[in-house]
Amino acid sequence: MANHPEIHFTSNAVVPVSPNHYVIRGLLEIRGITQPQELDATLLGRHADAALHAEVADFVITGKLKRSMFGMIADGVFIFDLVTILIRAHIKLGDAFFMPDKAPSGWSRAQRGLHWWTAALVFTGFALGWLMVGVPLSQLLIKFLLYQLHKTIGLTVLALSVARLLVLARRSRPEWNPMLPDWQQKAAKVVHRGLYVLLFIVPVLGYLTAATAPVQIPTLFLGVIPVPHLVGTNPQWFAFLRQIHRLMAILLATIGAGHAIAAVHNHLRGRNTLVGMWRGQPTA
Ligand code: HEM
Ligand code: HEM
């Protein structure tokens, strides 16, 4: 103690977990040894501080550290290895530390609506794709109507995805659940990005397939609004594009299903993942 009278904690992330609860991640330095440390901060309330001429937020901050990680002895009888940290903090608002409003606390109504409509339409459109291709030419009217429904669903997915990215750019997404292991967060980011890319690629390929088809069937959005085919019929391109459209659609449905399994798995592990996307509550 005499040689090392000070300990230092440098925070590098403040993650909102629920409206009044934050996880502070940072580095703790004791006796010249630096270790990563997580602290839990609970906001008790705010009050106007006359002396500081500012609003002050009162926090209780708790954490646990192991003495052995900082080269300190513990005999397990008189000195235990595990030390509980309890801090009462009064933080002047406006300090760089207190910026929880950077990320929204949950998914907005628009983001949730767009997500679930997209998911439902992708799976319906996918099933319809196989169904309509299999309908014999003898049932031409049914085949025609199913194609129009498929194309309408696909174009709606494209429009919803544009809207979704605009909302995402304006509002961003809630913080990642702090309980999620690092590798899972990285994997989820890659999967989400992949899904966004496929949500554009698949409908565009579908549109090009329809436009290049040797037998020209008009594309009628909702069965009535004509969508012009900007490229002409081309049997070679059609043969190629329909394969790629099919392949990318299979990839989208497979990754979408894998992503859904991961979401359910995380939910069952108590991370509230589905509630977050369904009702907009922060995950915990
Ligand atoms: C093909 C269907 C689906 C697609 C294309 C899709 C796409 C996405 C994307 C791109 C995100 C990231 C949102 C963003 O960062 O803006 C997301 C999040 C999410 N999805 Fe899906 N999804 C699909 C199906 C499902 C299904 C079926 C479930 C549930 C069973 C589900 C549950 C979730 C949840 C809970 C989140 C939020 C994850 C978080 O909080 O980080 N998704 N989805
Ligand atoms: C999320 C969107 C979409 C999904 C998941 C999807 C999925 C599929 C699937 C699974 C098939 C059957 C594959 C086969 O056997 O050929 C198919 C075929 C087809 N799709 Fe899509 N599709 C989507 C969007 C679109 C769009 C926007 C259009 C056109 C505007 C379109 C036009 C077609 C056409 C013309 C075929 C038939 C190709 C053939 O005759 O073999 N699709 N789609």
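Two strands pair if DSSP finds at least two bridges between them. Helices (H or I, at least four residues) and strands (E, at least two) are DSSP runs, numbered from the N terminus. The model is predicted: local features need pLDDT of at least 70, side-chain atom pairs count only at pLDDT 80 or more, and totals for chains, interfaces and linings use all residues. Residues are numbered from 1 along each chain as its sequence is written, and chains are lettered from A and ligands numbered from 1 in the order in which they are written.

**Domains**
- The domain assignment of the protein gives domain 1 (7-101) and domain 2 (104-279), with bounds that come from an automatic or database domain assignment.
- The centres of domain 1 and domain 2, taken over C-alpha atoms, are 44 Å apart.

**The sheet**
- Five strands form an open sheet in the order E1-E2-E3-E4-E5, and their pairing is antiparallel.
- Strand E1 (7-18) and strand E5 (82-92) are at the edges with a single partner strand each, so one side of each has no neighbour in the sheet.
- From one strand to the next, the twist averages 25 degrees (angles run from 0 to 180 degrees between N-to-C directions, and axes are lines fitted to C-alpha atoms, for helices over the stretch in contact).

**Strand pairs and hairpins**
- E1 pairs with strand E2 (residues 21-30) over 10 bridges in the antiparallel sense; Ser18 is opposite His21 in E2, and Ser11 has Gly26 of E2 as its bridge partner.
- E2 in turn pairs with strand E3 (residues 33-49), antiparallel and over 10 bridges, and here Gly26 has Gln37 in E3 as its bridge partner.
- Two residues lie between the strands in the hairpin of E2 and E3, where Arg31 takes a positive phi near 55 degrees.
- Nine bridges link E3 and strand E4 (residues 54-66) in the antiparallel sense, and Ala57 in E4 is the bridge partner of Arg46.
- The hairpin of E3 and E4 has four residues between the strands, and His53 in the turn has a positive phi of about 55 degrees.
- E4 and E5 run antiparallel and are joined by 11 bridges, with Leu65 opposite Val83 in E5.

**Helices H2 and H3**
- The axes of H2 and H3 come within 9 Å and cross at roughly 145 degrees.
- Residues of H2 in the contact include Lys151, Gly154 and Leu155, and those of H3 include Tyr196, Pro203 and Gly206 (two residues are in contact if their C-beta atoms, placed from the backbone, lie within 7 Å).
- By class, this contact of H2 with H3 has nine nonpolar, three polar and one charged residues (Ala, Val, Leu, Ile, Met, Phe, Trp, Tyr, Cys and Pro count as nonpolar, Asp, Glu, Lys and Arg as charged, and the others, Gly among them, as polar).

**Ligand 2**
- Ligand 2 is surrounded by 23 residues, of which Gly129, Lys151, Gly154, Gly206 and Ala249 are the closest (a residue is near a molecule or strand if its C-beta atom, placed from the backbone, lies within 6 Å of it).
- Helix H1 (109-134), helix H2 (140-171), helix H3 (182-212) and helix H4 (235-271) are the elements giving two or more residues to this shell.
- The shell around ligand 2 has 12 nonpolar, eight polar and three charged residues.

**Ligand 1**
- Of the 20 residues around ligand 1, the nearest are Ala119, Gly256, Ala260, Ala263 and Met277.
- At least two residues of this shell come from each of H1, H3, H4 and helix H5 (273-279), and H4 gives the most, with five residues.
- The shell around ligand 1 has 11 nonpolar, eight polar and one charged residues.
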